[in-house]
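Biologist: I request a close look at one part of this model, the interface, followed by an account of its setting.

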Amino acid sequence: MLSFIAKKILTVVIILAIIILLCFMLNYTHQTDNQLGLFHELAHYCSTILSNPLDLNHTYILPDETLKSVLLPSAMRFFIVIILSILIGFPAGIYFGLLNKPILNNGIKVICVIFYSCPIVLLSLLLNNLFHSIDIELLNQPFVLERYTEHHTFSAKIEFNVPIFILVVLPCIITIQTVSKNVESVIRQNFIKISLIKNPSKFNVIMKHVLPNVIPTSMNQLLYHSSNLLFSVMMVEILFNIHGLGLFSYAAFINSNYSAISSMIVMTSFFLSFFWLIGQCLIAILYPFTLKTNASY
Amino acid sequence: MRPTDVINMTNAHSIFTDMNHWFRKHLHQNLFMAIGIYGILSIITLYFCTEWLFDMNLSTISNANLPPSWYENGVVSHFLGTDAKGHDIFYILLLSYKSTLLLTLRTTFYMMLIGAIFNYFAYRFKIIHVIINLFLSVFIVITPLLSVIVLSLLLGDNLSSMLIAIGVAYLPAFINNIERSVHSEFNKKYILADRLDGVSGFHLFISAAPNLVSNYFMQLVALFSQILLAITVITFFNFGFITHHPDLGAMMRTMLILYSSNPWATLSACFCVMFTLILINFISLGLQLNSRQERG
């Protein structure tokens, strides 16, 4: 297990090194005042990034903002969505996977497909029609920096409930689909049939044999969607004019601020890499028998 | 009539019977498949016949801000009404829909090719497998939004690079899922038996291919859906500087000004995306049901 974790840590370090190098190249090619040589600039950039990756003062986009204050709200939304999708998606996926009623099962799949196919914009407009809580005029204003300073004017209800609801829909459906598919394939295996014959309690068989085979595989597949989830979080932040990574990156994009963008890339990469690493290590610690399977991917 | 003609007629009859049987068994007995296939066929027909069916001339200017035809002041000739410049919204919708579909199909096709090449090399050579995994991991940790921003700032008004950035963001999950399904299929006993018989790798792949097709199509549908949603949302926020390109996301953005007087201008673009995804996902669901029925 230790070698598996060490291998994963090494992978993350290599990935981060590549990303820091790419970001440095992006930053260096668009800097006008390159006084030092290439290697000295690289050393300086790396030391700045590694000493304080959450310091944004060198980006000059929002002098009073630190990246910590930009990252934390988005990270909070990201984790809330993940926790909610695990809490809703896993039990629902297991239940639907075990459900042996084709009509009900197909009905649930159709509902999942309908929600999955909804663009974020449509969901926002429908919620606006339902609750009249979102100001649609916001979406028409092109100057994000002006909007960026106005985020305090919106009620806490809009800042929290509606975006979280929109964000939870897609990961929840992906979790339900992945888990139910894995449950369906696991319960067809011969060892489950034998254990059902040996052990009359269905609950015990599910807890002892089905779940340990389903959870690691599903978690592994779901970890690949973490980047897309952060992308959705950023998009919803721009859409609802909420303080966070999305609005900050939009502001950086409009101002063509390469240093801010490169800092954003480094920071999101750190965040996602550590999330991925922690996820992989948790799977390895909780279900050590899956190490052999995971090692090949 | 010569005997060969009789044989040809019999063959033609048997082919027709087989096709009829296939349609009955796989298409018409499966509601999802039937809705999905016929829906997609109608979209394809609409795609190729729009220029014959409708006179999509956006240079024609009518009264500005007309409501949809079923509203009180609506005009029958402008089904969804007109925008602030007097252009017909229905024609804008058709043009944007065609363009978005083409962009999504192009991106999915590129990603399918790249995915196939990566999967092939990863399967054949173990060292390349490690390098490819590392390469894909770099793309996993950069969110699609940031990669699109970087590319649009570096390369300017370059649509292809933006599409590649979106596609590449979804490529790792696609490649991983395909790899998993191939891995689990190649671990089955019939492949092991073939291997012991000394069957070559190519023939092993040929024998496993029918079992992999449905899963491959499902993954392709998931990739297509994710790319379509991403393109729509990215063009909605005007990332990538593709301002002159008609697109459903851009249409949603421009039509939001009319939302209070004509909500269908925005909603129609959203529903186009939604119905396309529902239809294509229905085919995927149908395939899933068919493969489950075949397994018993």
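Modeller: What follows takes the interface first and then its setting.

The model is predicted: local features need pLDDT of at least 70, side-chain atom pairs count only at pLDDT 80 or more, and totals for chains, interfaces and linings use all residues. Residues are numbered from 1 along each chain as its sequence is written, chains are lettered from A and ligands numbered from 1 in the order in which they are written, and side-chain values use heavy atoms, with hydrogens and water left out.

The contact draws 55 residues from chain A and 63 residues from chain B, where contact means heavy atoms within 4.5 Å. The size of an interface is often given as the accessible area lost when the parts come together. Here chain A and chain B bury about 5400 Å² between them, with 74% of that area on carbon and sulfur atoms; buried area is the accessible area (1.4 Å probe) that two parts lose on being put together, summed over both.

Charged pairing across this interface is absent under the rule used, which finds zero salt bridges between chain A and chain B. A salt bridge is a side-chain nitrogen of Lys or Arg within 4 Å of a carboxyl oxygen of Asp or Glu. Two residue pairs in polar contact do cross between the chains, both at pLDDT 80 or more. A polar contact is a pair of N or O atoms within 3.5 Å; within protein, one must be able to donate a hydrogen and the other to accept it, and residues adjacent in sequence count only if both atoms are side-chain atoms.

On the side of chain A that touches chain B, two or more residues each come from helices H1 (2–29), H4 (102–116), H5 (120–131), H7 (156–187), H9 (202–223), H10 (226–239), H11 (245–254) and H12 (258–286) of chain A. Helices (H or I, at least four residues) and strands (E, at least two) are DSSP runs, numbered from the N terminus. The residues of that side divide into 31 nonpolar, 20 polar and four charged. In this division Ala, Val, Leu, Ile, Met, Phe, Trp, Tyr, Cys and Pro count as nonpolar, Asp, Glu, Lys and Arg as charged, and the others, Gly among them, as polar.

Chain A as a whole has 13 helices and zero strands. Of its 297 residues, 55% count as buried; buried means under 20% relative accessible area, exposed over 50%, and partly exposed in between (1.4 Å probe, protein chains only). Among contacts in chain A between residues at least 6 apart in sequence, 76% join residues at least 24 apart.

The nonpolar cores come next. A nonpolar core is a set of buried Ala, Val, Leu, Ile, Met, Phe, Trp, Tyr and Cys residues joined through side-chain atoms within 4.5 Å. The largest has 144 residues, and those with the most contacts inside it are Met235(A), Ile166(B), Ile234(B), Phe237(B) and Phe239(B). Leaving aside residues up to four places away in sequence, Phe239(B) touches Met235(A), Ile238(A), Tyr250(A) and Phe253(A), together with Leu145(B), Val148(B), Ile149(B), Met162(B) and Ile234(B). Apart from this core lies another, of 22 residues, including Leu99(A), Cys112(A), Val179(A) and Val210(A).

Over all chains, a search of the whole structure finds three salt bridges. In one, the side chains of Glu237(A) and Arg77(A) meet at 2.5 Å, N to O. Glu237(A) lies in helix H10 and Arg77(A) in helix H3 (residues 67–98) of chain A, so the pair ties together parts that are 160 residues apart in sequence. Both Glu237(A) and Arg77(A) are buried. Another salt bridge joins Lys109(A) and Glu184(A), at 4.0 Å, N to O. That pair links helix H4 with helix H7 of chain A across 75 residues, and both Lys109(A) and Glu184(A) are buried. In chain B, Lys188(B) forms a salt bridge with Glu185(B), their closest N and O atoms being 3.2 Å apart. Lys188(B) counts as partly exposed because its relative accessibility is 40%, whereas Glu185(B), at 6%, is buried.

Helix H9 (residues 248–255) of chain B is mostly covered, with six of its eight residues buried: Leu248(B), Gly249(B), Ala250(B), Met251(B), Met252(B) and Met255(B). At the start of H9(B), a side-chain oxygen of Asp247(B) comes within 2.9 Å of the backbone nitrogen of Gly249(B). Leu31(B), in helix H2 (residues 31–53) of chain B, is exposed because its relative accessibility is 63%.
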